[in-house]
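Trainee: I have a new structure to look at. Could you walk me through some of its parts?

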Amino acid sequence: MAKSSFETSVGSPNYKVIGGVRLKRWIIGLLLFLLASLLAINSFTISQFHLMPLGTSPIAGNYILELKSQTTPRAAAAVRDGYVVYTQGCRIPDLSPYEASNARYFDQPQPIVCEHGSQPPLVESNNSAVYVNLEAKQFYYNDTESPECCWRRFWRKDNKDDEVSISDDCYYFQDSSFVDAEFVRVECQRRNATIYRDYFAFVPRKLHVEERCRKRLRDSVRAGSPRKLSVLVVGIDSVSRLNFHRAMPRTAEKLRELGALEMLGYHKVADNTYPNLVPVLSGLEQREFERLCWKNHKRPFDRCPLIWKNFQAAGYRTFFAEDACYMTTFNYLKPGFRIQPTDYYLRPFCVAAEAEIGNTRKLNANLCLGTRMNYDYLLHYTRKVAEEFASDPFFGLFWESSLTHDFIDFPRLGDDSYRDFFAYLKDNDLLRDTAVVFMSDHGMRWGYFRQTYQGRLEDSLPFVFFLMPEWWKEEYPEAWQELNRNARSLTTPFDLHETIRDMMELSRLKSKQQQQQSSNEVNIPSSPSPSKSSKVPRGISMFGHIPSTRSCESAGIPEHWCMCRIRNSVDTNDTRVVATADFLVRELNRMLEPHSPKCAKLQLANVIDAKAVSEQQPTSSSSSESSSTTTTTTPAPVSAPWTDYSVTFETSPGGAVFEASVRYHIETGDVDLVDTISRLNAYGNQSSCIDDFHMRLYCYCT
């Protein structure tokens, strides 16, 4: 029988020889492909920890490319390799989030498993109702059983920031129930025993608030005021700009897709959350704020000029919401508010829910409420606000601390939730009349990474993003262009306050725009170095011009936190350094003296690190606003009669690690403390014997 052509070719000796060659080539090709793939993977993995401009993540790189493409020629001169801010008054180095020498400080955290279990919650909520989650029913009831649940309202006690009252009436449901209350507790029973409790917050329209807003709206229409812009401030505690890119790349990518603008030179002005949010909310430095309205630290903050009062007067609904109520901004070792500060205030929910179903406590916060993550409750509430008031002006500050406050890697665990949150806002058309400010207050303030140079820099450089509606960009093009230019300027919480004020008062912004168009003067003349006597406002709206001569001093940033200076390492055995460390320990003991004998007298155990701080000297090309063809002469630096030192040291007992900046006077040997002394490691219960929120950083209880 004749063979088919296929059988002949396969069975022929010639084919076997040729096929063997082809087989060898195929194997060699496969091996070469695998080798190339391994090399590519290895190269990519290693590159994650190499120094690259603004980090190696594609998101960070895209931000730089996008920023360069949208800046004007005046601002483009400020873009220098190796710096995120390069002006006459300030130069902030551009470090990679993935610097190889810091890789040991970061890890992928394990997913958090709540102590109340990993099963889904039995009851969920939407904007107006609670309902049984059928997928979770099997974890609580048999197939033949029906859920037996009810909800009861609770509310803030009059003049009490830490107490709630709860209703005796409970409204029963099996599947779902409409809710007409702001805060409710849900209870579910099985065989006459309570097997489940949960808490929910809603945003019902309040008649007195709506009437106030309608009246203000009528007045503004008669006055010919511009269209109102809602302002949604979403805050994450203790996340530096670089750690945001390092730990939350999916959220960063989503923000890039949405056209958000990142402020690369945003700089903190104080140590922790409270003194960095006070300038945002009031425009005042902490001591100014307290002298004005909080001289007696046992009294509440009701009289203080916080920005939500301005929004209320302008016809906005106002919101203030935080999680982790043990350490909220105005309540941690502070009295909070007597009268509810905003129209909607989440603290009653936080107090009640954390007291009863809070669990999985890590250091300062309950990470879970029931079987949910604490921060997810806050995001869900924020989403409800954005949905309910998408077409009505509102101002809201929503501040998360529970996940991110204590662990530098934990932001990774919230990356998907925040990405989904911003995607939800966009997909549901909730951003058409709302400006989003996505921000942090500072970087991680303690831990081993904080004791490195990059850790110190990151502590002072939190992140801020602006997400503005398209109609606003078209109506206020000059303001949007200035915001883009200022992305590489030195900016602060004082500036953010002025920027938010401009968002509220668009008539003020329109007036500035008209003045700018008529004057056509956008550049401020440069001088060889920042002048201490020049009258530059401390707080400047980021929608306006921020001069290149701006320095930490003129921006209201204390020397201790300033990242615009060059820091050179000094031998820790240098006599000046030792004298400085001894002075700092004496200063600590002086501050602790009123708390003696509760607090132990501290002694110097070790000088860990010391750096001398010097001015950034301008060069012939340092002016970001000067013509490239102009030749200038750099004046010879004048030696100062003093040297600023930044010293990191350890004390005993307790092993506390502190950092402080001092000014050492060369001729006299005198030493002055510059600003404050920072605590770089956790103090846990070491200082639980006192309730002074300043001194808890320093006290070691005997």
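Predicted model: local features only at pLDDT ≥ 70, side-chain atom pairs only at ≥ 80, totals over all residues.

Trainee: Ok, helices. At what angle do H8 and H17 pack?

Mentor: Helix H8 (residues 273–282) packs on helix H17 (residues 493–504) at about 30 degrees, and their axes are 7 Å apart. That makes H8 roughly parallel to H17. Angles under 35 degrees count as roughly parallel, over 145 as roughly antiparallel, 65 to 115 as roughly perpendicular and the rest as oblique. Axes are lines fitted to C-alpha atoms, for helices over the stretch in contact, and angles run from 0 to 180 degrees between N-to-C directions.

Trainee: Which residues meet there?

Mentor: From H8 there are Asn276, Pro279, Val280, Leu281 and Ser282, which meet Pro493, Phe494, Leu496, His497 and Ile500 of H17. Contact means heavy atoms within 4.5 Å. By class, this contact of H8 with H17 has 7 nonpolar, 3 polar and no charged residues. Ala, Val, Leu, Ile, Met, Phe, Trp, Tyr, Cys and Pro count as nonpolar, Asp, Glu, Lys and Arg as charged, and the others, Gly among them, as polar.

Trainee: How do H12 and H13 cross?

Mentor: The axes of H12 and helix H13 (residues 415–427) cross at roughly 5 degrees and come within 11 Å. H12 and H13 are therefore roughly parallel to each other. Their contact divides into 7 nonpolar, 2 polar and 3 charged residues.

Trainee: What else does H12 lie across?

Mentor: Helix H12 (residues 374–388) lies across E11, strand E13 (317–322), E14 and E18, and runs at about 170 degrees to E18.

Trainee: Sheets, then. In what order do the 7 strands run?

Mentor: The order is E12-E20-E19-E11-E18-E13-E14, in an open sheet with mixed pairing. At the edges are strand E12 (261–262) and strand E14 (344–345), each pairing on one side only. Two strands pair if DSSP finds at least two bridges between them.

Trainee: How do E11 and E18 pair, parallel or antiparallel?

Mentor: Strand E11 (residues 230–236) pairs with strand E18 (residues 394–400) in the parallel sense, over 6 bridges. Isoleucine 236 has glutamate 400 in E18 as its bridge partner.

Trainee: Which 3 strands form the other open sheet?

Mentor: The order there is E15-E16-E17, and the pairing is antiparallel. Strand E15 (358–362) and strand E17 (372–373) are the edges, each with a single partner strand, so one side of each has no neighbour in the sheet. Strand E16 (residues 365–369) and E17 pair over 2 bridges, and leucine 369 stands opposite arginine 372 in E17. Helix H11 (residues 347–357) lies across E15 and E16, running at about 80 degrees to E16.

Trainee: Changing topic: how many residues of H16 are buried?

Mentor: In helix H16 (residues 477–485), 7 of the 9 residues are buried, so H16 is largely enclosed by the rest of the structure. Buried means under 20% relative accessible area, exposed over 50%, partly exposed in between (1.4 Å probe, protein chains only). Among the buried residues of H16 are Trp480, Glu482 and Arg485.

Trainee: And how many in H14?

Mentor: Helix H14 (residues 453–460) has 7 of its 8 residues buried. These pack against strand E2 (91–93), helix H6 (241–247), strand E21 (566–569), strand E23 (642–652) and strand E24 (656–665).

Trainee: How do E23 and E24 pair?

Mentor: They pair in the antiparallel sense over 10 bridges. E23 and E24 form a hairpin with 3 residues between them, and glycine 654 in the turn has a positive phi of about 105 degrees. In E23, 8 of the 11 residues are buried.

Trainee: Last one: where is isoleucine 540?

Mentor: Isoleucine 540 is in the loop between helix H18 (506–519) and helix H19 (552–555). Isoleucine 540 is buried, with a relative accessible area of 10%. Not counting residues up to four places away in sequence, isoleucine 540 touches Asp495, Glu498, His545, Ile546, Pro547 and Arg550.

Methods. Residues numbered from 1 in each chain as written. Heavy atoms only, no water. Helix = DSSP H or I, 4+ residues; strand = E, 2+ residues; numbered from the N terminus.
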